[in-house]
Amino acid sequence: MKRPLPILSGDSHQEDQQIDICMTCPKLCRWACPVAESEGRETSTPWNLVNASGFVKRGWSKIEDYAELPFLCTHCGACSDVCLHSNDVPAILTLGRARVLDAGLASPKVVEVRDKFAINGNPYGRDLVPELMGHADSLLPSTTSRDDENKSLYFAGCSAIAEQPESVSAFARVVSKYGLQSVKVSELSAQCCGLPLLWAGDVDSFREHATRVAAKLSEEDSVIVHDSACAHAFVERYPEMGVTLDTKISTVTEFLHGELIEGREDTGSPKKFADFAISECCHTRNGLQRKGTEYALISSATGSIPRELNDLTGNMHDCCGAAGLLPITRPNTAREMASAKIVALRQSDASRLTSFSPRCIAHLRSVAPKEKVIDAMEILAAHTEDF
């Protein structure tokens with residue numbers, strides 16, 4: 001369901017409308033929130049977080065008593081996905097974070113994320129272009145071909161380059177292996193979409209950053225985005241901020257499925273089970289509302305059925321805790337959420353856990369370095385069968 005009110009547009013009345021809806025709701029989204037289920041307390045539920053934000057906004061509560069609450073969210077979108085009114089809870093909490101940041105009450109680590117953007121335009125504070133080129137040099141445009149300008153730009157994103165560069169290398173190998181001539185990289189491929197600024201609560205800086213990035217990306221006819229959180233930012237958050245992005249946005253899974261799977265002869269459903277379970281990206285499933293695309297790609301590509309992974313909560317698609325700055329604002333909770341995935345893996349029939357999210361893979365590996373967590377793009381790159 002399309003969310004009716006883009007509350008990040010700056011219209012305070014729109015925010016109030018959604019807060020009022022949450023205040024009168026009997027907490028129907030409580031069961032869907034992976035952060036609340038991990039912490040096991042009522043104060044971490046989306047219902048309470050939104051209500052507390054509303055109390056502060058209306059002067060009914062002191063912001064000092066609220067400072068940590070809006071950061072108890074990974075922006076996975078599970079609450080909005082099950083909300084009967086499609087309330088944009090992550091956006092409400094973003095505005096709550098903005099008030100905390102403006103009041104000087106945000107944690108030093110959140111402030112550091114924001115400040116590092118002034119160095120190199122990303123939350124890592126360093127130039128990521130050389131690192132990108134070291135992992136995706138095979139996608140560099142030639143100096144002689146006139147067709148390069150018609151190719152789709154690969155947008156690796158800062159988290160993939162900085163935290164999980166194997167994802168970038170694997171994508172480049174897949175493109176090379178199957179002779180896909182329609183992909184290129186440039187320095188723009190190493191840009192940050194600006195989402196960490198939004199997660200930090202710096203809405204104005206996000207809008208300014210998004211405006212600059214959109215102006216550059218709009219020169220491209222199409223962009224292939226590796227991190228689905230970035231794709232969601234381009235498709236949903238940019239327009240909500242009044243930023244126009246005149247280009248076609250596709251996730252890497254959508255691109256590869258369109259290039260390698262669609263239109264080929266249907267050989268029927270896979271008959272065998274894979275040795276891996278796939279954890280679907282939250283922003284693909286909930287934010288972009290493109291459920292099943294990752295499952296369909298890896299199933300068709302490998303000719304096998306991924307194993308089911310049921311978390312301890314019984315929610316197969318619970319968040320791993322990697323996004324929304326949760327690893328720095330609530331590190332214990334973020335680790336517990338990742339550990340739940342690992343426990344579920346051990347209790348399943350799968351021997352490996354995979355995901356198309358570089359951010360999730362990096363987080364899971366940091367929490368459980370000895371477990372068999374493998375990037376889904378590496379599975380595609382290593383697969384021996386033809387698509």
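Which residues in helix 18 are buried? In this predicted model, they are Pro-358, Arg-359, Cys-360, Ile-361, Ala-362, His-363 and Leu-364.

## Helix 18

Helix 18 covers residues 358–367. Seven of its ten residues are buried, so the helix is largely enclosed by the rest of the structure.

## Nonpolar cores

The largest nonpolar core has 114 residues. The ones touching the most other members are Phe-171, Phe-234, Tyr-238 and Leu-256. If you ask which element puts in the largest share, it's helix 5 (residues 89–102), with eight residues. There is also a second, separate core of 15 residues, and Ala-322, Leu-345, Ile-361 and Val-373 are among its members.

Setting aside residues up to four places away in sequence, Phe-171 touches Leu-139, Tyr-154, Val-183, Ile-224, His-226, Val-252, Phe-255, Leu-256 and Met-377. Leu-256 on that list is itself one of the residues touching the most other core members.

## Helix 1 and its partners

For helix 1 (residues 12–23) and helix 3 (residues 46–57), the angle is about 130° and the axes are 9 Å apart. That makes helix 1 oblique to helix 3, and the crossing is left-handed. On the helix 1 side, the contact uses Ser-12, Glu-15, Asp-16, Ile-19, Cys-22 and Met-23. Helix 3 brings Trp-47, Val-50, Asn-51, Ser-53, Gly-54, Phe-55 and Lys-57. Sorted by class, this contact has six nonpolar, four polar and three charged residues.

Helix 1 also meets helix 5, where the axes come within 11 Å and cross at roughly 115°. Here helix 1 counts as roughly perpendicular to helix 5, again with a left-handed crossing. Glu-15, Gln-18 and Ile-19 of helix 1 face Ile-92, Leu-95 and Arg-99 of helix 5 in this contact. The tally is three nonpolar, one polar and two charged residues. As background, an α-helix has 3.6 residues a turn, so residues three or four places apart point the same way.

## Two positive phi angles

His-75 isn't a glycine, yet its phi is positive, at about 60°. You'll find His-75 in the loop between helix 3 and helix 4 (78–82). Is His-75 buried or exposed? At 7% relative accessibility, His-75 counts as buried, because the cut-off for buried is under 20%.

Leu-325 is another non-glycine with a positive phi, this time about 70°. Leu-325 sits in the loop between strand 6 (304–307) and helix 16 (326–329). Leu-325 is buried, with a relative accessible area of 10%.

Thr-333 belongs to helix 17 (residues 331–346) and, at 5% relative accessibility, is buried. What does Thr-333 contact, leaving aside its neighbours within four places in sequence? The partners are Val-35, Ser-38, Glu-39 and Leu-326.

Ala-215, in helix 11 (residues 203–217), is partly exposed, with a relative accessible area of 48%. Ala-215 and Val-243 are 28 residues apart in sequence, and their C-alpha atoms are 9.2 Å apart in space.

Note on methods
Residues are numbered from 1 along each chain as its sequence is written. This is a predicted model: local features need pLDDT of at least 70, side-chain atom pairs count only at pLDDT 80 or more; totals for chains, interfaces and linings use all residues. Side-chain values use heavy atoms; hydrogens and water are left out. Helices (H or I, at least four residues) and strands (E, at least two) are DSSP runs, numbered from the N terminus. Buried means under 20% relative accessible area, exposed over 50%, partly exposed in between (1.4 Å probe, protein chains only). Contact means heavy atoms within 4.5 Å. A nonpolar core is a set of buried Ala, Val, Leu, Ile, Met, Phe, Trp, Tyr and Cys residues joined through side-chain atoms within 4.5 Å. Axes are lines fitted to C-alpha atoms, for helices over the stretch in contact, and angles run from 0 to 180 degrees between N-to-C directions. Angles under 35 degrees count as roughly parallel, over 145 as roughly antiparallel, 65 to 115 as roughly perpendicular and the rest as oblique. A crossing is left-handed if the near helix is turned anticlockwise from the far one by less than a right angle, and right-handed if clockwise. Ala, Val, Leu, Ile, Met, Phe, Trp, Tyr, Cys and Pro count as nonpolar, Asp, Glu, Lys and Arg as charged, and the others, Gly among them, as polar.
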